[in-house]
Amino acid sequence: MPKVSMTVNGAAVSGDVDSRTLLVQFLRETLRLTGTHVGCDTSQCGCCVVHVNGDAVKSCTALAMSLEGADVRTIEGLANGDQLHPMQEAFRENHGLQCGFCTPGMIMTSVEMVKRKGFNLDEKTIREELEGNLCRCTGYHNIVKAIAAGAQAMGAKA
Amino acid sequence: MYAFTYHKAGSVAEAASLAAKHDDGKLLAGGMTLLPTMKQRLAQPSDIIDMGKLDDLRGIEVKDGVVAIKAMTRHVAVATSAEVMKALPALAELAAGIGDPAVRNRGTIGGSVANNDPAADYPAACLALGATIHTNKRAVKADDFFIGLFETALEQGEIITSISFPVPDKANYQKFRNPASRYAIVGVFVAKKGGDVRVAVTGAGDGGVFRQKDFEAALAKDFSAKAIENIKQAEKGLNSDIHADAEYRAHLIGVMARRAVAAAK
Ligand SMILES: Cc1cc2nc3c(=O)[nH]c(=O)nc-3n(C[C@H](O)[C@H](O)[C@H](O)COP(=O)(O)OP(=O)(O)OC[C@H]3O[C@@H](n4cnc5c(N)ncnc54)[C@H](O)[C@@H]3O)c2cc1C
Ligand code: FES
Ligand code: FES
């Protein structure tokens with residue numbers, strides 16, 4: 001079996017994979033990092049978004065073997081010990097989740113959104129940038145509010 | 001997904017020789033089309049030749065009135081390139097409207113052009129701007145490149161290396177999105193260069209992207225939305241599906257073309 005090595009949440013990891021193994025399967029099944037979810041079969045829902053070398057990527061649509069040597073960050077790598085990341089805290093404060101299934105992808109997408117678009121995000125920008133993230137509980141209103149607040153909080157910390 | 005043998009290409013030459021050797025092999029670029037297709041078991045390549053490490057296939061150059069974009073350049077890089085925004089804003093805007101941020105972070109121009117999805121955006125830009133598609137073997141004009149649904153002039157194992165777009169005087173792209181998939185139900189790219197006007201339509205044709213020559217002739221005489229107001233787009237040859245029937249698509253082609261002409265800069 002081929003072997004793949006990468007950095008996940010700051011730690012060097014490696015594991016045996018099949019050529020078909022998707023990044024999300026490597027994360028969930030090999031590394032048991034089950035915070036990253038799979039919500040669809042068509043690369044459309046964004047529940048599986050993680051960061052690969054800083055970019056938001058749908059981990060259900062990347063082969064683990066393509067990412068040999070990559071630097072990957074998942075939802076488990078955002079908090080600092082017991083202290084939530086400002087974006088996680090903002091989702092909690094603003095009731096930005098209901099069942100929570102889409103939340104890891106929403107938060108990973110939001111953190112990268114702030115990297116590209118800055119700390120002051122208006123509603124239109126946030127809604128456009130959330131194109132690739134679906135919430136089946138449809139709580140978009142509070143998700144948008146949470147992201148705007150989280151972005152501000154990230155700015156205040158920076 | 002069906003099983004396949006994975007290869008990581010270290011150079012374009014190696015990718016080409018691997019692709020030539022494996023008849024049922026497939027090149028992997030951003031994977032944003034190929035991997036979903038494989039996951040659905042709609043494709044069963046024997047071998048995957050990953051081009052992800054071919055950094056010399058990435059980059060954008062604007063020189064002598066031509067925007068040249070290498071094949072593995074990701075949509076996000078085109079969308080945010082200051083040079084493309086300045087020289088050919090319509091192309092940067094087109095790239096910014098593909099899919100969603102995560103798709104744009106992985107998907108490449110070469111993959112989009114090679115795939116020739118009948119609803120993809122880049123084929124319309126190539127055709128309207130009179131682009132040239134460069135491969136490891138030859139250079140092909142866009143007019144000769146897009147042959148039919150998911151069909152191009154590429155031979156097995158032939159690799160797109162870059163695409164060059166002559167900078168027009170004015171251009172614009174208007175896309176009527178499918179609200180779920182973000183692909184075009186109808187997309188119209190209009191470009192004017194000197195006395196020459198080209199209009200390319202994606203999303204609508206049952207043979208993929210095509211040029212609307214009646215619009216082109218009228219716009220060459222008078223580049224205004226009014227000039228094409230009374231030209232009727234035929235329904236024949238247009239797709240009908242659950243998203244839009246041919247009559248609606250024909251109507252949208254006129255609307256999108258007029259908006260593109262009005263917005264062209
Ligand atoms: C959710 C979602 C939404 C999308 N929305 C849009 C949209 O709105 N508009 C749009 O246009 N597209 C859209 N796409 C498709 C996206 O743009 C893809 O990135 C693109 O079509 C394929 O590029 P890729 O680099 O991912 O190619 P891949 O999937 O890796 O490859 C696609 C095909 O091209 C071949 N190929 C790749 N590179 C080369 C090359 N250099 N030379 C020869 N052959 C090559 C491969 O062998 C394969 O057959 C969407 C995709 C997803 C998943
Ligand atoms: S699981 Fe990746 S986009 Fe839905
Ligand atoms: S909170 Fe339930 S899917 Fe979004």
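1. A salt bridge is a side-chain nitrogen of Lys or Arg within 4 Å of a carboxyl oxygen of Asp or Glu. One such pair joins the side chains of R182(B) and E131(A), at 3.1 Å from N to O. Side chains of opposite charge can pair when their charged atoms come close.

2. This is a predicted model, in which local features need pLDDT of at least 70 and side-chain atom pairs count only at pLDDT 80 or more, while totals for chains, interfaces and linings use all residues. Side-chain values use heavy atoms, with hydrogens and water left out; residues are numbered from 1 along each chain as its sequence is written, and chains are lettered from A and ligands numbered from 1 in the order in which they are written.

3. On the extent of the interface: 24 residues of chain A are in contact with 28 residues of chain B, where contact means heavy atoms within 4.5 Å. The two chains bury about 2200 Å² between them, 55% of it on carbon and sulfur atoms. Buried area here is the accessible area (1.4 Å probe) that two parts lose on being put together, summed over both. In chain A, the residues that lose the most area to chain B are R20(A), T61(A) and E131(A), together 24% of what that side buries.

4. On polar pairing across the interface: twelve residue pairs of chain A and chain B are in polar contact, both residues at pLDDT 80 or more. The rule asks for a pair of N or O atoms within 3.5 Å; within protein, one must be able to donate a hydrogen and the other to accept it, and residues adjacent in sequence count only if both atoms are side-chain atoms.

5. Which elements give two or more residues to the side of chain A that touches chain B? They are strand 4 (55-58) and helix 3 (103-117) of chain A. Strand 4 gives the most, with four residues. Helices (H or I, at least four residues) and strands (E, at least two) are DSSP runs, numbered from the N terminus.

6. The side chains of D55(A) and K115(A) meet at 3.6 Å, N to O. D55(A) lies in strand 4 and K115(A) in helix 3, so the pair ties together parts that are 60 residues apart in sequence.

7. On the ligand: 34 residues surround ligand 1, the closest being L27(B), A29(B), G31(B), L34(B) and T108(B). A residue is near a molecule if one of its heavy atoms lies within 4 Å of it. Residues from chains A and B surround ligand 1, so the site is shared between chains. Helix 7 of chain B gives the largest share of the shell, five residues.

8. A polar side-chain atom of K175(B) lies 3.0 Å from an oxygen atom of ligand 1. For Y183(B), a side-chain N or O atom is 2.9 Å from a nitrogen atom of ligand 1.
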